[in-house]
Every structure is written in structure tokens, then in C-alpha cells.
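Please read them with the structure open.

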Amino acid sequence: MLAFTLRRALQAIGVMLAVGVIAFSMFRFAGDPVNQMVGIDTPAAEREQVRKSLGLDDPVLVQFARYFGNAVQFKFGISYQFRQPVSTLLAERMPATLELATCATAFAMLFGILMGVYTALKRDTWLAKVFQAVSLIGISLPTFLIGILLIYLFAVTLGWLPSFGRGEVVKLGWWSTGLLTVSGLKAIIMPAVTLGLFQMTLIMRLVRAEMLEVLRTDYIRFARARGLTTRAIHFGHALKNTLVPVITVVGLQFGTVIAFSIVTETVFQWPGMGLMFVQAIQTVDIPIMAAYLLTVSLIFVTINLVVDILYTIVDPRLRSTISRAH
């Protein structure tokens, strides 16, 4: 188990190195940030002075070594647009993104598992068919269109929920949350549903397929022959084994939710890291763009590592396979 964890950790470090190289190389061609920082009539000498102060006149290898050395210490330089440390900006925006991703994942898990179990056990009922139709809509419609439709219905037409922003937030040390205020709770409903709808349909379909497969296995037939109640068979045996692959999917999808919250944050003007990344692209703010990509990659890789370890803990068959491999 220790060797397995160390091997996965080394792979995670390799992925982060590769992401760092790709991010730095790609954003080198995003444009000249000096043009965004100075006016059109700025003399060439002053432009060169700005370029030198930012270290952009150094060789590419020197810039990369300096950037990666600082990134290991979570120092991502100074934002060209805001003239503040990028790490400070990320720390300010990260609570909003993580809060949105957590609420979206909780929504997806709760309703996805319930709907998946129901459509597997009551697959011929009209409600199960409605749930399956909803799942098709959740998969087919793009995220930005779902967000716009929700804004039109609940903000513009009914006036029940705010159409943008995070509402009133409460500071808990360096962390900020809107879940402790009424306006914050109202503000997060539509973004969380928009972001979690695709994951909800994915979990629902996975749970339904796994549940139907498990119900056809021999040990379920043996449990029925022993005289166990239907509730014990469905929820004590079938659902427990169904949730094993769901752990992997939910864990990986949480990283995906964080990475692809950009669209949702843009539609609802949610003050998170994704919205800041979009604004950084518009102003060619390379430090923010590179830092965002590295931060999201670190979160994704960390979640992937944790899911791998949890999967070996939950599934005894995988533990025995790893033991035999060593």
C-alpha cells in the first residue's frame, strides 16, 4: 500500500512538471502584456523599462526557472493588471470557486444517487421515465444555455433569485462564505444547479446501470433465497456495491467541476478563480493565467491521488491485486 501511494505521488509530481512546462510555453504566445499596461503613445524606451522590470527581457529558460522555482513556494509573481501578488488574488477568489464546486457536487451526488436508485428499482414507472428524460436534457444542453434559461425563469420572470454575484459573505479568517447569509444562499442556488446538472445526470446513469448489473448477480439471488427483506437487499447489499465505482467518478468529477466552472462563473459573474482567469485572458495577464492552470492542476491531481487511495480502501479486491503485484 505504501509503495502504491508513493508511486502515485511520483506520477502526480511528474504531471505537475508537465503542466508547468505547457502553461509557461503556451502563455508565452498569448500576446505582449506590455501593450496592455501602457498607452499607445508610450515611448519605446519606457516600454523597454517596463519589460525589464517584469523580467520579460531575460532568456526563456531563465524566466521558466525563476517562475517554477517561485511556483513551488506558491509565489506566482505580480499581476500585470491588478499590480498585486497573484497568490493573494487566488487566495481571495479560491473560497468562492471551492464553495460553488462543493455545492454543485453535493447537489449532483444527492439527486443523482436518489434518481439512479429509483430508476433502477422502479424503471417502468412514469416518474422513472421523467428522470431519464431530465438526464438527457442535462447531458445535451450546454452549461451556458442552462444558466441563461435559469436566469430568465427565476431571476427575470419570477424574481425569486439574484442573477449575478455571490450575495453577502461572512469572513472566517482568510476564508469567506456566503452559506451563512440568506442572500448568499439564494445567490448560490442557480450557479450550483447549473454547474452540477451535468454531473447529476452522469451519476444518475452510472448508479442506474451499476444497480441493474448488481441486482442480476448470484449473491443477490442468494440473499433473496436466505429470506432477506427487499430493503436489506436493495440498500444493504446492492447499493453498497454500486457506490464503489461512483466514488471514483465523483472524485474525478469534483476536479472537473473546479476546472470547468469558468463558464458558470462567467454567466453568473461569480467572483471566483474562473472569472478572474477569463478577465486575465482579455488583458493578457500571464502570471494569473499560468497560476490558475497550475492551481487547478494541483487540485485535480491531489483529488485523483486521494480517490486512488480511497478506492483501494473501499474495494478489497483491488488491495489484494496490489499485494500480489508486489
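**Notes on the predicted model**

1. Helix 5 and helix 12 pack with their axes 7 Å apart, at an angle of about 130°. The two helices are therefore oblique to each other. Helix 5 brings Leu 89, Leu 90, Arg 93, Met 94 and Thr 97 to this contact, and helix 12 brings Met 273, Gly 274, Met 276 and Gln 279. Sorted by class, the contact of helix 5 with helix 12 has five nonpolar residues, three polar and one charged. Keep in mind that this is a predicted model.

2. Now helix 12 by itself. It runs over residues 273–282. Its buried residues are Met 273, Gly 274, Leu 275, Met 276, Phe 277 and Ala 280. After helix 12 comes Val 284, with a positive phi near 55°.

3. Helix 5 has another partner to look at. The axes of helix 5 and helix 6 (residues 126–140) come within 9 Å and cross at roughly 130°. That angle makes helix 5 oblique to helix 6. The crossing of these two helices is left-handed. On the helix 5 side, the contact uses Met 115, Tyr 118 and Thr 119. On the helix 6 side, Leu 127, Ala 128, Phe 131 and Gln 132 take part. By class, the contact of helix 5 with helix 6 has five nonpolar and two polar residues, and no charged ones.

4. Next, the aromatic rings. How many aromatic pairs does the structure hold? There are five aromatic pairs. In one of them, Phe 107 and Phe 111 are tilted, at 5.2 Å centre to centre with 50° between the planes. Both of these residues lie in helix 5 (residues 86–121), four residues apart, or about one turn of the helix. An α-helix has 3.6 residues a turn, so residues three or four places apart point the same way. Phe 111 has a relative accessible area of 39%, so it is partly exposed.

5. Which kind of pair do Phe 277 and Tyr 292 form? Their ring centres are 4.6 Å apart and their planes lie at 25°, so the pair is stacked. Phe 277 is in helix 12 and Tyr 292 is in helix 13 (residues 286–314), so the pair ties together parts 15 residues apart in sequence. Phe 277 and Tyr 292 are both buried.

6. Helix 8 (residues 182–215) deserves a look at two positions, Leu 185 and Gln 199. Leu 185 is partly exposed, with a relative accessible area of 40%. Not counting residues up to four places away in sequence, Leu 185 touches Gly 178 and Leu 179. The C-alpha atoms of Leu 185 and Tyr 219 are separated by 44 Å, and the two residues are 34 apart along the chain. Gln 199 is buried, with a relative accessible area of 8%. Leaving aside neighbours within four places in sequence, Gln 199 is in contact with Ala 108, Gln 253 and Val 257.

7. Check the backbone in two loops. Most residues other than glycine have a negative phi. Phe 74 is not a glycine, yet its phi is positive, near 60°. Phe 74 sits in the loop between helix 4 (60–72) and helix 5. At 52% relative accessibility, Phe 74 counts as exposed. Gln 269 also is not a glycine and has a positive phi, about 50°. Gln 269 is in the loop between helix 11 (261–267) and helix 12. Its relative accessibility is 40%, so Gln 269 counts as partly exposed.

8. Last, the whole chain. What helices and strands does the protein have? It has 14 helices and two strands. The C-alpha trace spans about 85 × 60 × 35 Å along its principal axes. Of the 326 residues, 40% count as buried. Among contacts in the protein with a separation of 6 or more, 72% come from residues 24 or more positions apart.

Note on methods. Residues are numbered from 1 along each chain as its sequence is written. This is a predicted model: local features need pLDDT of at least 70, side-chain atom pairs count only at pLDDT 80 or more; totals for chains, interfaces and linings use all residues. Side-chain values use heavy atoms; hydrogens and water are left out. Rings of Phe, Tyr and Trp (its six-membered ring) pair if their centres lie within 6.5 Å; planes under 30 degrees apart count as stacked, over 60 as edge-to-face and the rest as tilted. Buried means under 20% relative accessible area, exposed over 50%, partly exposed in between (1.4 Å probe, protein chains only). Axes are lines fitted to C-alpha atoms, for helices over the stretch in contact, and angles run from 0 to 180 degrees between N-to-C directions. Angles under 35 degrees count as roughly parallel, over 145 as roughly antiparallel, 65 to 115 as roughly perpendicular and the rest as oblique. A crossing is left-handed if the near helix is turned anticlockwise from the far one by less than a right angle, and right-handed if clockwise. Contact means heavy atoms within 4.5 Å. Ala, Val, Leu, Ile, Met, Phe, Trp, Tyr, Cys and Pro count as nonpolar, Asp, Glu, Lys and Arg as charged, and the others, Gly among them, as polar.
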